[in-house]
Amino acid sequence: MKLIKTLLASTAALAFSTSAFATDLEVTHWWTSGGEAAAVAEFAKAFNEGGDKWVDGAIAGSGGVARPIIISRIIGGDPMGATQLNHGRQAEELVEAGLMLDLTDIAEKEGWKDVVNPVRLLNACTLDGKVYCVPVNIHSPQWIWLSHAAYEKAGVPVPANWSEYVASAPKLREAGVVPLAMGQQSWQTQLAFDTLLVAVGGTELFTNILSNKDAAAAGSAEATKVFDAFATARELAQGANVQDWNQATNMVITGKAGGQIMGDWAQGEFQVANQVAGKDYTCLPGLGVNDIIATGGDAFYFPKTDDPEITAAQKRMASSMIRKDVQVAFNLKKGSLPIRGDVDLSAANDCMKKGLKILAAGNVLPDGVNVLSADTAGQIQDLMSEFFNNTNITVADAQSRYVDIIKNAD
Amino acid sequence: MSGRNIMIYGTLFVVSIYYLLPLYVMVITSLKGMPEIRLGNVFALPVEITFEPWVKAWSSACTGLNCDGLSRGFLNSVRILVPSVLISILIASVNGYALANWRFKGADLFFTILIFGAFIPYQVMIYPIVIILRELGLYTKLGGLVMVHTIFGMPILTLLFRNYFTSIPEELFKAARVDGAGFWGIYFKIMLPMSLPIFVVAIILQVTGIWNDFLFGVIYTKPDNYPMTVQLNNIVNSVQGVKEYNVNMAATILTGLVPLIVYFISGKLFVRGIAAGAVKG
Amino acid sequence: MVQNQRPVQLFRNMSAKIAAIPMVLTAMVIFVGCSAWTIFHSFTKSKLLPTTKWVGLDQYERLWSQNRWLISIENLAIYGIFSLVFSLLIGFMLAALLDQKIRFENTFRTIFLYPFALSFIVTGLVWQWVLNPEFGIQKIVRDMGFETFTFDPLYNQEIVIYGVLFAGLWQGTGLIMCLMLAGLRGIDEDIWKAARVDGIPMWKTYLLIVIPMMRPVFITTLVIIAAGIVKVYDLVVAQTNGGPGIASEVPAKYVYDYMFRNQNLGQGFAASTMMLLTVLVVLIPWAYLEFGGKKKHV
Amino acid sequence: MASVSIKQLDLNFGTVEVLKNLDLEIEQGEFLVLLGSSGCGKSTLLNCIAGLLDVSAGQIFISGKNVTWEEPKDRGIGMVFQSYALYPQMTVEGNLAFGLKNAKVPKDEIDTRIKRASEILHIEPLLKRKPAQLSGGQRQRVAIGRAMVRDVDVFLFDEPLSNLDAKLRAELRVELKRLHQQLDNTTMIYVTHDQIEALTLADRIAIMKEGSIQQLADPHTIYNKPVNLFVANFIGSPSINLLHGDMTGGKAPMFTFGGGKVSVKGYDFAEPPVAGNAVLGVRPEHVAYGEAAKKMPFKTKVSVDVVEPMGSDTLVWTTLGEETFRFRVGGQTDIAKGQEVTIGFDPATTSIFDHASELRL
């Protein structure tokens with residue numbers, strides 16, 4: 001009896017000592033693979049150091065699976081403490097409905113405006129002058145990854161840009177290599193199209209169509225060239241029967257495919273397979289045509305609650321995510337670029353450094369996801385995916401439907 | 001063996017291959033190491049049998065920060081399963097009984113609507129139900145999830161129970177009423193003891209459905225209560241990183257084990273119960 | 001107290017009515033209420049969150065101009081018809097075979113039924129594997145020396161929906177077989193004797209005598225199959241995710257994607273309203289036959 | 001006072017009228033049989049009396065108490081069903097005790113009553129068995145016992161013997177009769193389509209057709225003085241011979257038909273006869289043959305079509321006028337097919353109906 005009392009007393013004391021500053025926050029995200037989880041662990045570690053507790057609510061399967069959960073929890077009145085969401089247009093409505101926590105006070109206190117680079121990442125989190133989310137990393141999709149093994153097999157040099165790559169395709173075919181590896185998921189085909197749009201069409205066309213929603217630009221002859229290139233890619237990808245993007249990357253790694261158009265996260269796969277950039281594979285940002293990258297990325301939002309303790313903890317979490325050391329630790333594991341310009345990333349690899357250089361030079365574009373509504377983006381995905389998998393659809397067809405979507409974009 | 005028998009057994013044998021092939025693939029893949037899987041042929045027997053994937057799937061596969069595999073969700077699944085199965089079956093059986101024996105005005109209308117409900121895609125009802133649960137104060141509570149399973153199990157179960165109770169001779173019901181038994185008296189003392197087969201069917205259907213559910217489990221509860229399928233989904237659908245097919249397959253089999261065992265144990269009763277519940281009425 | 005007056009109708013069978021409250025609530029609040037809510041919002045501009053901003057028929061105009069929706073409908077029709085026909089055909093055939101007083105009936109039945117215990121997610125995944133041309137059936141057959149053998153339904157958009165069908169049938173026919181078997185077991189032995197005495201061939205007995213006698217089983221079976229067809233979603237997501245391209249899209253996935261991926265609730269609701277409408281068109285005549293006809297001989 | 005009284009009862013299923021404005025008075029201790037072919041509403045009426053069906057209009061009184069809207073258990077009735085309706089999961093004893101337990105009868109009282117009933121019905125050795133282990137006759141006895149133990153005023157029987165074979169049916173019939181004598185204050189209402197059961201058991205028979213009662217009377221009256229053509233035709237096996245013809249009215253009424261002229265002066269007319277089309281019914285056993293026929297007021301010669309031996313007697317088929325005419329003779333007979341015989345009958349034993357209204361004249 002006495003023992004139990006002492007035990008109770010001591011645990012109570014223990015609980016008291018930590019609870020002064022301890023709040024459990026549930027965090028929803030869809031980072032479940034090894035590297036991603038390791039990166040998230042950095043966030044958790046930083047948050048837990050303050051005495052709080054990170055309760056992990058990982059849901060695999062990207063936004064499509066997680067989004068109904070996130071929105072249900074928010075409208076159900078029992079939200080999670082923090083949630084991953086692509087920033088920008090997608091969360092706009094939740095912010096407008098007053099369901100998200102305003103982080104302006106800590107953003108101003110910590111001077112986010114000065115440290116976040118490029119600053120448009122923070123702008124994407126800002127609505128009516130108020131900050132609602134924490135950008136945590138930069139990903140750029142505009143890369144092509146080329147397999148040295150495949151080119152060796154075909155007996156041609158590794159190309160340095162898109163047109164050389166296209167020219168080398170027949171040789172690859174002869175050698176039994178699929179020129180372009182492409183997964184079946186629609187976001188992958190859309191990514192390839194956007195990459196071609198900026199590489200073949202150029203920056204201006206890209207911004208005119210995706211930022212300004214200029215239907216005339218979407219129907220222009222320049223855009224037709226992009227569609228032609230995309231049709232070429234369709235030819236090159238014949239025979240690449242894989243579903244997931246990393247299966248496609250694996251084809252490049254093993255030399256079964258010549259190349260893959262994929263975001264910078266692909267290099268994680270090469271690393272796992274012990275491949276060395278420049279020796280086993282080559283990465284070309286902007287397809288080697290246009291040294292420019294779009295900067296998308298992930299962000300965390302904090303649903304609003306009535307509980308001041310939770311609100312305080314949410315702010316603690318927000319500020320821990322943007323901390324210098326956390327940014328470095330997180331992004332090295334995630335394989336993405338940090339959102340702060342003032343950190344040291346000497347540990348980064350070859351390809352990553354290419355990206356950093358472009359970033360430092362300011363050759364960046366807004367990412368399509370940030371300026372298009374989810375609805376428009378989804379329609380474009382469907383169109384691209386349909387076009388890419390159905391050779392009966394002509395370039396003219398696809399382009400006219402593309403123009404329609406852009407015209408009706410909201 | 002007569003020609004007729006050769007034909008019968010031959011057909012059954014060939015068809016059995018179609019049914020068993022995927023299970024075979026699942027099992028042998030789960031027993032292979034990753035290098036062997038990369039070699040290709042999914043149908044080849046493992047050169048070297050390893051139980052590593054099973055151990056990993058159960059106890060160390062990571063979902064987010066939690067690296068304790070499926071074991072984390074197992075107990076949650078059981079905690080969701082038991083009350084959901086019991087309550088949904090209890091309510092549906094009373095419904096079926098009321099519809100079969102106590103026809104009241106409007107009963108057919110409600111029943112028709114209920115059957116209609118079986119055809120409504122779940123997705124449509126996600127948000128309205130969130131709002132209803134919120135108003136009831138049940139959102140993210142286990143009780144709310146039990147309610148959701150009860151609602152979505154109701155159409156088919158009610159149909160089965162109604163048909164079953166209709167097939168019980170009406171005179172028995174009349175005799176019990178003359179003997180002074182009321183609504184509940186007849187249900188518990190006369191109908192229930194006669195309904196084992198149909199209850200087996202209902203249990204099997206509900207155990208399968210609820211155990212395999214992912215969407216409701218993840219939308220109407222919190223991470224503390226997430227069922228096993230959430231871990232399965234996380235293991236199987238991880239977008240990035242190398243796909244560990246052997247672990248996926250082991251996880252898949254492990255997750256399916258509970259309904260599979262229920263099937264193997266009660267297969268015979270299942271047909272008998274269906275015979276009683278679906279055939280007549 | 002002797003009741004001389006007819007009591008208020010509402011209070012007759014009170015317990016039965018109280019017991020039916022969960023059903024009535026489910027029917028009215030969930031199925032009718034939520035459908036009404038959905039239909040209402042299909043006329044609004046709801047995006048990520050439901051709003052009441054009225055836009056009339058805009059969502060429907062857009063829906064029917066979407067190539068993806070049309071393909072979804074077509075796929076559902078193909079999947080639905082074949083699934084219905086083959087589920088019944090295979091289910092009945094297997095049941096008839098098992099009903100021949102064979103040995104190992106339990107074993108065979110378990111083999112045919114076990115896939116039903118597995119979720120569609122698992123089903124889709126496994127069949128994605130088995131049908132994969134790189135290491136699945138195609139590869140084996142090629143390894144056996146048939147170098148030109150091609151069987152890649154999941155990567156050929158002309159036939160991908162049949163690949164989905166293949167997996168769907170694998171998962172679902174066991175249950176149908178059980179239903180049919182139960183139905184066959186319910187048929188009086190004397191019917192078989194009579195047919196044999198009359199010299200009616202086996203297949204004719206099945207077709208003309210036994211199947212018409214199994215009407216109630218067929219009705220239950222149809223409800224189960226049809227409800228599964230309309231809602232087919234998980235299987236497609238797990239197996240093909242709608243691909244290649246949009247060749248294996250289905251309406252339920254259209255609804256889901258528009259609601260959650262495209263964050264356009266209005267559009268998703270318009271699509272689901274069309275689905276509800278289709279179900280009603282099919283179901284109302286059935287309900288009329290079932291209940292309209294029954295009242296006469298209570 | 002365990003009388004049952006039914007007043008202006010209506011029952012509709014949707015638009016179908018099943019019972020039409022039905023009145024029926026049953027006295028205490030009476031054995032009343034509701035007789036009719038299937039679908040005539042007799043079982044429906046019984047279910048209404050039991051309270052298993054809600055009536056559309058009208059009232060039901062049991063022992064002077066209006067029970068129209070009472071629950072079955074509160075009406076003081078016991079019911080026995082065609083399929084016995086024994087609860088399969090309970091023993092015989094459990095079946096007998098179920099109603100008493102529901103009524104919260106004390107345990108020792110239950111035991112006494114079960115003992116008494118099982119003695120009367122000779123089912124004591126069966127008490128521990130389940131219904132599935134009993135024969136049909138035993139099951140029906142248990143079903144009767146179940147009604148008996150409840151000490152009810154009114155027994156309702158819904159075709160209780162129909163599922164039994166002929167021999168058992170005859171045995172149980174007698175037992176039922178004996179039971180009724182034993183429980184002489186108990187009213188019994190018995191539904192059947194079997195006229196033998198009706199005629200042997202009933203104090204009174206109510207013959208039903210299309211939801212209304214055609215005739216309510218004691219078996220003798222029903223048999224000999226049917227009120228209309230339907231009842232005449234329904235009762236009696238082999239059924240009554242019907243001859244279609246014309247009646248003349250007046251002091252010396254004559255019935256003329258294809259087979260001759262019959263003076264029906266000796267017939268007990270309800271009202272003085274008037275001229276018109278009529279039907280004359282003669283029961284086969286009221287037809288005399290051979291020597292006996294010669295003494296009958298009406299006699300004629302016919303030729304034999306078919307001879308049908310039935311064990312105890314023989315049915316002879318002939319043609320009279322253009323109509324089939326049967327008569328009954330002893331078991332041992334030398335009548336043969338084609339033979340010419342003399343037959344005759346006494347109009348006083350016949351029944352005459354108006355052709356149009358089908359009512360007894």
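Chain A comes in two parts, domain 1 (24-139 + 296-359) and domain 2 (143-295 + 364-407), with bounds taken from an automatic or database domain assignment. This is a predicted model, in which local features need pLDDT of at least 70 and side-chain atom pairs count only at pLDDT 80 or more, while totals for chains, interfaces and linings use all residues. Residues are numbered from 1 along each chain as its sequence is written, and chains are lettered from A and ligands numbered from 1 in the order in which they are written.

Taken over C-alpha atoms, the centres of domain 1 and domain 2 of chain A are 28 Å apart. Where they touch, each side gives residues to the contact: 23 from domain 1 of chain A and 23 from domain 2 of chain A. (Two residues are in contact if their C-beta atoms, placed from the backbone, lie within 7 Å.) On the domain 1 side, α4 (89-96), α7 (120-123) and α18 (350-361) of chain A supply at least two residues each, and α18(A) has the largest share with six residues. Helices here are DSSP runs (H or I, at least four residues), numbered from the N terminus.

Now for chains B and C. Their contact takes 69 residues from chain B and 76 residues from chain C. On the chain B side, the largest share, 13 residues, belongs to α13(B).

Here is the make-up of two touching sides.
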